[in-house]
Each structure stands twice: as C-alpha cells, then as structure tokens.
Amino acid sequence: MTTTLISTEALAQMRAVQESNLPETAYIQRLTVTNGADGQSEAWTTYATVNARLGEPKGDVEKQVAATIKVGKVNVVTLKAGTTLADSDQIQINSVNYRVHWTNKNKSHATALRVIVTEV
C-alpha cells in the first residue's frame with residue numbers, strides 16, 4: 001500500500017479554492033456568564049467573524065452523522081481551515097443561530113472546516 005502525501009503548496013492551493021467560495025458572513029459565538037449585583041446572566045458573545053458557506057451534508061460520514069440528529073433540520077457550515085471553533089460554540093449566519101453537533105477539525109489535510117449544525 002502506498003501513501004500519497006500532499007505537498008504544502010498543493011494543500012495551500014486547495015484551501016485557497018475553498019476559501020474563495022465562502023459567500024456568507026458567520027459570527028462564531030461563545031456563551032459567557034456574567035455575575036453582577038442582580039445575579040448571574042448568560043449571553044452569546046461573538047468572538048470571531050469569518051467567511052462561511054451554508055449547505056447540506058455531503059459524503060458518507062456527514063450523512064451518517066446527520067442521520068443520528070433527531071432535532072431540527074441539519075445543515076453544514078463550511079469555514080476556513082484552521083478556524084477556531086469549540087463544540088459548545090454556536091454559529092450565526094443571516095441572523096439565524098446554529099448549534100454545533102460535529103466538526104471535521106481532526107481530519108488530516110483538511111481544506112476547510114466542515115461543521116454539522118441545526119438551527120437553535
């Protein structure tokens with residue numbers, strides 16, 4: 001069995017093609033807790049604004065993961081490879097909030113970060 005390694009230049013070129021096709025603006029948000037005189041409050045706070053694409057699950061793995069989600073319509077958000085995103089974050093696109101269910105962030109040679117989401 002032979003393994004084909006992708007060169008750094010080829011990977012950079014593939015990522016550039018992916019990044020050129022991210023037409024939406026996504027706000028990556030994290031739940032923050034504030035303690036004040038009136039008690040504790042929680043709010044979603046945007047910590048990153050990135051380009052994104054909203055679509056449907058593609059490929060076998062994404063379709064298998066999507067099939068296990070029983071709440072809401074499943075979408076996939078595509079972000080630039082290397083985008084920081086925690087499993088507990090949410091993504092807002094066009095004033096719609098999406099809950100993160102799965103990412104491909106541990107995939108070798110990823111050309112984009114793919115995130116399976118549902119509307120909050």
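How many salt bridges does the structure hold by the rule used here? The count comes to three, where a salt bridge is a side-chain nitrogen of Lys or Arg within 4 Å of a carboxyl oxygen of Asp or Glu.

1. Basis of the note. This is a predicted model, in which local features need pLDDT of at least 70 and side-chain atom pairs count only at pLDDT 80 or more, while totals for chains, interfaces and linings use all residues. Residues are numbered from 1 along each chain as its sequence is written, and side-chain values use heavy atoms, with hydrogens and water left out.

2. Strand pairing around β4. Strand β1 (residues 24–36) pairs with strand β4 (residues 90–93) in the antiparallel sense over four bridges, and within this pairing Ala26 has Ile93 of β4 as its bridge partner. Strand β4 is also joined by four bridges to strand β5 (residues 96–103), again running antiparallel, and here Ile91 has Tyr98 of β5 as its bridge partner. Strands count as paired if DSSP finds at least two bridges between them; the strands themselves are DSSP runs (E, at least two residues), as are helices (H or I, at least four), numbered from the N terminus. In the hairpin of β4 and β5, two residues lie between the strands, and Asn94 takes a positive phi near 50°.

3. Arg30 and Asp89. The closest N and O atoms of the salt bridge between Arg30 and Asp89 are 2.8 Å apart. Arg30 lies in strand β1 and Asp89 in the loop between β3 (74–80) and β4, so the pair ties together parts that are 59 residues apart in sequence. Arg30 is partly exposed at a relative accessible area of 34%, whereas Asp89 is buried at 2%; buried means under 20% relative accessible area, exposed over 50%, and partly exposed in between (1.4 Å probe, protein chains only). The charged end of Arg30 also sits over the ring of Tyr47, 4.2 Å from its centre, a description that requires NZ of Lys or CZ of Arg within 6 Å of the ring centre and within 35 degrees of the ring normal.

4. Arg114 and Glu62. A salt bridge joins Arg114 to Glu62, with the closest N and O atoms 2.7 Å apart. Arg114 lies in strand β6 (residues 112–119) and Glu62 in helix α2 (residues 59–68), so the pair ties together parts that are 52 residues apart in sequence. Both partners are buried, Arg114 at 16% relative accessibility and Glu62 at 8%.

5. Surroundings of this pair. The side chain of Arg114 makes a polar contact with the side chain of Thr78 at 2.7 Å, a polar contact being a pair of N or O atoms within 3.5 Å, of which, within protein, one must be able to donate a hydrogen and the other to accept it, and for which residues adjacent in sequence count only if both atoms are side-chain atoms. Leaving aside neighbours within four places in sequence, the contacts of Arg114 (heavy atoms within 4.5 Å) include Val76, Thr78 and Trp102. With residues up to four places away in sequence not counted, Glu62 touches Pro57, Val76, Trp102, Arg114 and Ile116.

6. Lys105 and Asp87. The side chains of Lys105 and Asp87 meet in a salt bridge at 3.5 Å, N to O. This pair links distant parts of the chain, with Lys105 in the loop between β5 and β6 and Asp87 in the loop between β3 and β4, 18 residues apart. Lys105 is partly exposed at a relative accessible area of 41%, and Asp87 is exposed at 53%.
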